[in-house]
Amino acid sequence: MSEKSSSSSSEQQNQACHHPRQKKTIYLIRHAESMENKRISSLKSVFSSVASFRMPSKKSISDSLELMYVTAQIDSKVSETGKLQIANVHEQLVQDDFVQRSGIQLIVYSSLERAKETCEGLFQGVTLQQPIRELEHLI
């Protein structure tokens, strides 16, 4: 009889552990254009001009030379173009009521400045069950 009760007890534990899982959707969003992206684009423009035997613009040369400042590349901020991208996408998200209609429960971003700026800009004014959090604080 004791074998039967222990068997029945482990069946109950298995049933408790095998509840149906709720489907989750994960949205991955790339950061807006960063200063690093802008500098790399300028460098490509310089190479393209030189390859076509044209003089590159002073602005492209100046921007691409900033790539030599390595520290700025590791955690660069969002560029002016990036700020416009964020504002445009934020407006679209608000118009579509995306966060509520999609049932988003949690928003997390990496600790890089460009990711933080993008996330906070896109989801400004959004109310969730849990606050928007930086990934570094979750580890």
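This is a predicted model: local features need pLDDT of at least 70, side-chain atom pairs count only at pLDDT 80 or more; totals for chains, interfaces and linings use all residues.
**Figure 1. Helix H2 and its span.** Residues are numbered from 1 along each chain as its sequence is written, and side-chain values use heavy atoms, with hydrogens and water left out.

Figure 2. Which residues of H2 are buried? They are Arg39, Ser42, Val46 and Ser49 (buried means under 20% relative accessible area, exposed over 50%, partly exposed in between, with a 1.4 Å probe and protein chains only). Look down the axis of H2 and these buried residues fall within an arc of 80°, so they line one face of the helix; the arc is that of the directions from the helix axis to the C-beta atoms. On the face turned away from the buried side, H2 carries the exposed residues Lys44, Phe47 and Ala51. Just after H2 comes Phe53, with a positive phi of about 60°.

**Figure 3. An aromatic pair.** The structure holds one aromatic pair. Its rings belong to Tyr27 and Phe98, with centres 5.2 Å apart and planes at 70°, so the pair is edge-to-face. Rings of Phe, Tyr and Trp (its six-membered ring) pair if their centres lie within 6.5 Å; planes under 30 degrees apart count as stacked, over 60 as edge-to-face and the rest as tilted. Tyr27 sits in the loop between helix H1 (2-17) and helix H2 (35-51), and Phe98 in helix H6 (residues 98-102), so the pair ties together parts that are 71 residues apart in sequence. Tyr27 is partly exposed, at 43% relative accessible area, and Phe98 is partly exposed too, at 25%.

**Figure 4. His90 in helix H5.** Is His90 buried or exposed? With a relative accessible area of 13%, His90 is buried. You'll find His90 in helix H5 (residues 80-96). Leaving aside neighbours within four places in sequence, His90 is in contact (heavy atoms within 4.5 Å) with Gly121, Leu122, Phe123 and Gln124.

**Figure 5. Stepping back to the whole protein.** The protein has seven helices and two strands; these are DSSP runs (helices H or I, at least four residues; strands E, at least two), numbered from the N terminus. Buried residues make up 23% of the 139 residues.
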